[in-house]
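Please look through the structure below with its ligand, its core and its strands in mind.

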Amino acid sequence: MVTSRAIVYSQYGEPSEMIKLYKYNIPDPSENEVLLQSLAHPINPSDLNQIEGVYPSRPELTKELGTNDPSAVGGNEGLFKVIGIGSSVTGFKIDDWCIPKNVNFGTWRSHAKTTENLLVKIPNTKISKTQAATLSVNTSTAYEMLTTIVNLKPGDWMIQNGGNSSVGKDVIQIAKKLGINTINVVRDRPTIEELKQKLYSLGATKVITEEENNSKEFSKTIKDWTKGSQVKLALNCVGGSSSTGIARKLSPNGVIATYGGMSKKPVNLPTSLFIFKNIKAVGFWITANSNNNPQQKLDTINQVLKFIQEGDIADFETDKKIIQLNTASDEEFLQSYKNAINDSKKSKQLIFY
Ligand code: NDP
């Protein structure tokens with residue numbers, strides 16, 4: 001038996017105020033059950049949106065773990081290590097790495113028990129804990145957006161805003177591997193040259209600021225860069241005027257796909273682009289894709305694993321909040337999550353055990 005410390009919420013609202021620590025005992029695994037210890041997991045925008053109660057896919061609030069109020073454990077993706085197996089488990093052994101197959105797993109906990117059919121094994125060579133803990137949402141999203149929305153061929157161009165987001169950086173690297181040119185829009189800042197160099201070192205073809213994206217004159221520069229090649233795809237995770245800017249860069253019949261709304265402003269698309277350039281506006285949601293086509297999700301995970309292990313997707317910097325499981329008090333455990341949630345507005349946060 002192990003005691004798990006879980007970060008739960010029973011009401012929707014401001015995430016750092018809603019989360020509580022809950023301890024519960026997990027009996028030894030039997031039959032096809034696998035006992036897991038957390039190694040690492042990210043704090044993703046959608047995890048916070050679930051606690052805010054504004055995300056359409058949410059775990060049910062239940063008393064399953066023994067909480068007084070119906071509750072759910074936070075977190076959708078994460079990396080675990082196998083520390084116990086039931087008698088009929090065939091696909092896992094002690095110390096294997098694995099990730100949950102489905103969303104709404106409740107990854108924000110020190111230990112968990114589930115059945116082996118709900119886990120995907122991750123080989124623990126040539127891949128970091130950070131990469132393994134984040135590949136099923138962000139890296140998979142980047143790969144599927146580049147390969148399933150339009151038919152991009154080597155030499156084609158695409159444009160994205162949020163170029164500095166975790167998904168954006170995966171888009172840059174996967175596009176480079178596929179021979180696709182990228183124009184990456186980022187917010188201006190005093191250290192813009194440093195940021196541009198970082199994205200160029202990942203394989204970005206061009207990096208521009210939101211001001212340049214919004215400037216009609218700058219379109220001429222982009223035409224000089226693309227030299228008549230098609231800009232077939234625009235990926236939008238910001239909305240507002242940023243979405244207008246990237247849509248204007250599309251070639252006739254291009255597609256703008258919206259997958260996030262970081263500015264919290266509506267997507268703004270000029271009528272003329274629909275009439276005179278026949279652009280299409282679509283949405284993308286990895287959760288729906290995974291639910292509708294579980295095999296595609298597994299294929300995607302295997303493909304991005306290959307990219308990572310072959311060195312095509314670099315390990316990336318994150319702000320890690322490290323929890324020493326044996327020595328951290330309950331207060332320290334909960335505070336690590338509150339700090340990570342608060343800091344997630346500044347940079348990508350990972351909880352490491
Ligand atoms: P990160 O936390 O890594 O990055 C967030 C990014 O958003 C940063 O680049 C930041 O820019 C930018 N940003 C924040 N606020 C604004 C703003 N007001 N205007 C412009 N840019 C802003 O995020 P992730 O990569 O984890 O996620 C990015 C988006 O993708 C989120 O909206 C997330 O929900 C969505 N997503 C959607 C999926 C889907 O299937 N639909 C799957 C995975 C993610 P800066 O660097 O300047 O601070």
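Two strands are said to pair if DSSP finds at least two bridges between them. In this predicted model, strand β1 (residues 2–9) and β2 are joined by seven bridges and run antiparallel. One of the residues involved is V2, whose bridge partner in β2 is I26. These two strands belong to an open sheet of three strands, ordered β2-β1-β4, with antiparallel pairing. β2 (20–26) and β4 (72–73) each have a single partner strand and stand at the edges, so one side of each is left without a neighbour in the sheet. Strands of a sheet pair through backbone hydrogen bonds, and the pairing can be parallel or antiparallel.

A parallel case is found elsewhere in the chain: strand β9 (residues 157–160) runs parallel to β10, and four bridges join them. Within this pair, W157 stands opposite N181 of β10. How much of strand β10 (residues 181–186) is buried? Six of its six residues are. Both faces of β10 are covered, with N181, I183 and V185 buried on one side and T182, N184 and V186 buried on the other.

The next topic is the nonpolar core. The largest one has 74 residues, and those with the most contacts inside it are L79, L146, M158, V171, I174, A234 and L235. Helix α3 contributes seven residues, the largest share of this core. Because domain 1 (2–122 + 317–352) and domain 2 (140–288) both give residues to this core, it lies between them. L79 shows what such a set of contacts looks like: leaving aside neighbours within four places in sequence, L79 is in contact with L39, A40, H41, W97, I99, I122, K129, A132 and A133.

Which residues are closest to the ligand? They are S165, S166, Y259, G260 and I286, out of 22 residues that surround it. By type, the shell around the ligand divides into ten nonpolar, ten polar and two charged residues. Three helices, α2 (45–52), α3 (129–148) and α4 (166–178), each supply at least two residues of this shell. α3 gives the most to the shell, with three residues.

Notes:
Residues are numbered from 1 along each chain as its sequence is written. This is a predicted model: local features need pLDDT of at least 70, side-chain atom pairs count only at pLDDT 80 or more; totals for chains, interfaces and linings use all residues. A residue is near a molecule or strand if its C-beta atom, placed from the backbone, lies within 6 Å of it. Ala, Val, Leu, Ile, Met, Phe, Trp, Tyr, Cys and Pro count as nonpolar, Asp, Glu, Lys and Arg as charged, and the others, Gly among them, as polar. A nonpolar core is a set of buried Ala, Val, Leu, Ile, Met, Phe, Trp, Tyr and Cys residues joined through C-beta atoms within 7 Å. A residue is buried if 20 or more other C-beta atoms lie within 10 Å of its own, exposed if 12 or fewer, and partly exposed in between; C-beta atoms are placed from the backbone. Domain bounds come from an automatic or database domain assignment. Two residues are in contact if their C-beta atoms, placed from the backbone, lie within 7 Å.
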